[in-house]
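Hi everyone, thanks for coming. I'd like to walk you through one structure today, so please have a look at it while I talk.

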Amino acid sequence: MTLTAKDVAEIMRLLEHSSFDSLSLEINGVKLNLQRGSAAPTSQPAAPAPPAESQPQPARFVPPKVKPPSEPGLTEVASPLLGIFYRAPKPGEPPFVEVGSKVVEDTVIGIIEVMKLMNSVRAGVRGEVVEILAENGALVEYDEILLRLRPGV
Amino acid sequence: MAIRRILIANRGEIALRVIRTCKALAIETVLAASEADLDSLPARLADRTLCIGPARPADSYLRVDTIVQAALGVKADAIHPGYGFLSERPVLARLCEQEGVIFIGPTAAQIEAVGDKLRARAEAETAGVPTAPGGAVETVREAMVLGREIGTPLLIKAVGGGGGRGMKRVDRLEDIPSAMELAGSEAGSAFGDARVYLERFVERGRHVEVQILGDGNGRVVHLGERDCSVQRRYQKLIEETPAPRLSADLRARIHAAAVLFSERLSYRSAGTVEFLVDLERGAFYFLEMNARIQVEHPVTEAVTGIDLLAEQIAIAGGRGLRFKQNDIKREGCAIECRINAEDPARDFHPSPGTVRTAVWPSGEGVRVDTHIASGSRVPPYYDSLMAKIIVHAADRPTALERMRRALAATRIEGVATNLAFHLDVLADPEFNAGGVDTSYLPRFLERQRVAQEVRAHG
């Protein structure tokens with residue numbers, strides 16, 4: 001099987017509508033690297049994979065099953081510690097923030113409980129809440145994304 | 001209570017070791033990992049991995065509340081602390097007791113009893129277990145009186161110390177006042193406990209320790225001894241069982257002493273009672289008890305065929321001891337070499353980095369406990385242990401030969417290791433003869449250094 005120009009165009013279209021930023025494809029010695037927003041795709045004979053040395057450590061951990069952002073340019077608010085995440089100050093009370101809430105740096109967006117010790121989580125940036133990822137009452141890990149903001153509103 | 005899910009509050013090879021036994025027992029594992037260990041082998045092999053905090057141990061592996069919250073959050077039945085980190089902190093064991101999470105280890109009270117070295121010494125004396133001449137001293141005057149009685153050289157030890165930490169050697173009685181003041185203030189800042197005690201310093205001693213298992217209701221069995229005399233600055237490098245060239249009588253008395261001491265505490269779980277064998281006097285003294293699974297446990301597993309982690313889990317789950325003393329048979333000889341990411345040419349300086357290539361030995365009687373594969377990272381925040389190579393054979397010469405071949409088949413690139421240094425020690429006639437004392441390795445290093453200088457200057 002070889003890749004025709006039509007195939008490549010089709011693959012590009014698929015990438016365009018997917019939530020991924022890049023794609024690497026290898027078929028019968030032909031390697032295709034596509035990147036969103038970059039110039040033309042490059043097609044070249046596949047070279048043996050370079051030795052896996054000194055791969056830079058990812059700056060921060062992204063849990064594998066994280067939902068991709070619904071729009072580009074969003075700022076993430078990550079959990080400062082592992083614990084139980086609460087969206088409201090007390091059960092039955094309205095949540096600190098909802099989708100659409102406007103926040104400033106100091107706005108409390110939730111509480112993380114660690115062995116009955118309640119820790120407030122603040123937005124850290126000014127903006128509008130676009131997505132809330134962490135569930136009320138669920139265990140969240142250190143650096144897990146709690147919500148996403150559209151900054152600077 | 002049946003344990004179905006275990007939170008592992010550790011990293012590295014011991015985390016993987018716990019995972020391995022859990023898989024064999026069909027127990028689910030949740031690894032509590034720091035940010036620096038999220039792509040480690042244990043993180044990939046655990047059923048689930050939780051990121052508990054940043055790389056720095058104080059922000060992750062040493063956070064008692066976070067660990068227990070993580071266990072509660074994933075509904076783990078039990079926590080395995082491994083060794084190091086929180087394994088011997090009574091506060092974790094106690095919080096587990098309060099929260100209804102099983103702590104796979106001794107009770108908080110037992111950890112406290114052996115963590116206070118003076119109290120452990122008193123327990124040993126009450127149990128009829130020999131201790132080195134010495135005792136508690138509160139004032140310089142008391143220290144002078146006791147010092148005169150036991151003679152020099154002697155050690156001033158911190159009550160909160162252990163494992164070689166918090167000790168001062170005194171060679172002349174007139175040095176006691178200054179050494180005691182220094183030891184007290186250092187112990188205060190390092191262990192939060194300024195109390196010290198004196199003990200005779202044994203010039204030629206062997207480190208012989210006994211593996212025990214206790215059911216927590218007073219029943220204790222021993223699984224034989226390990227000789228860990230090959231040490232550098234109290235860091236064990238090579239361990240073996242049985243202890244070579246130890247008389248049958250002394251060996252039996254050491255085993256019995258370990259059992260007596262552990263019975264006195266009604267010790268629960270796996271533990272190790274350490275002794276110093278005084279070669280000049282033909283005596284042995286209680287040193288301390290380690291209330292955890294130890295790094296060198298595999299040599300005991302090799303000769304007994306008993307999975308110590310499985311027994312820890314069984315005891316923690318309320319199943320007690322599954323065998324009697326007579327059921328435990330020890331066969332052959334087992335040796336362990338600790339492969340560390342450290343550079344012998346630079347005074348064993350840690351050498352963290354990315355392991356480009358890791359090829360481990362295999363074959364009959366060879367076991368490798370490691371979390372390192374090609375591409376693995378050795379982060380700079382933790383200890384430098386990369387792997388333990390364990391060999392088992394019918395006798396010591398065969399085991400030594402097997403170890404030489406295993407080490408020669410090992411290839412590690414990307415970080416400096418002590419692999420070649422191990423081969424040097426294994427080629428040394430004194431080590432091959434067996435039964436070296438704890439001053440052997442420093443002497444060996446000095447011999448090596450002199451030989452190198454002679455070569456360099458013709």
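I'll start with confidence, then go to a pair of helices, and finish with a pair of aromatic rings.

First, please keep in mind that this is a predicted model. For the complex, the predictor gives an ipTM of 0.88 and a pTM of 0.87.

Now, find helix α1 of chain B, residues 12-24, and helix α11 of chain B, residues 308-316. How do they pack? Their axes are 9 Å apart, at an angle of about 70°, which makes α1(B) roughly perpendicular to α11(B). The crossing of these two helices is right-handed.

And which residues make the contact between α1(B) and α11(B)? From α1(B) come Arg17(B), Val18(B), Thr21(B) and Cys22(B); from α11(B) come Leu308(B), Leu309(B), Ala310(B) and Ile313(B). Sorted by class, that contact has six nonpolar residues, one polar and one charged.

On to the aromatics. Over all chains, the structure holds eleven aromatic pairs. Let me show you one of them, Phe85(B) with Tyr382(B). The pair is edge-to-face, with 6.3 Å centre to centre and 80° between the planes.

Where do these two residues sit in chain B? Phe85(B) is in the loop between β4 (78-80) and α4 (90-99), while Tyr382(B) is in the loop between β21 (377-378) and β22 (385-393). The pair therefore ties together parts that are 297 residues apart in sequence.

Note on methods. Residues are numbered from 1 along each chain as its sequence is written. Chains are lettered from A and ligands numbered from 1 in the order in which they are written. This is a predicted model: local features need pLDDT of at least 70, side-chain atom pairs count only at pLDDT 80 or more; totals for chains, interfaces and linings use all residues. Side-chain values use heavy atoms; hydrogens and water are left out. Axes are lines fitted to C-alpha atoms, for helices over the stretch in contact, and angles run from 0 to 180 degrees between N-to-C directions. Helices (H or I, at least four residues) and strands (E, at least two) are DSSP runs, numbered from the N terminus. Angles under 35 degrees count as roughly parallel, over 145 as roughly antiparallel, 65 to 115 as roughly perpendicular and the rest as oblique. A crossing is left-handed if the near helix is turned anticlockwise from the far one by less than a right angle, and right-handed if clockwise. Contact means heavy atoms within 4.5 Å. Ala, Val, Leu, Ile, Met, Phe, Trp, Tyr, Cys and Pro count as nonpolar, Asp, Glu, Lys and Arg as charged, and the others, Gly among them, as polar. Rings of Phe, Tyr and Trp (its six-membered ring) pair if their centres lie within 6.5 Å; planes under 30 degrees apart count as stacked, over 60 as edge-to-face and the rest as tilted.
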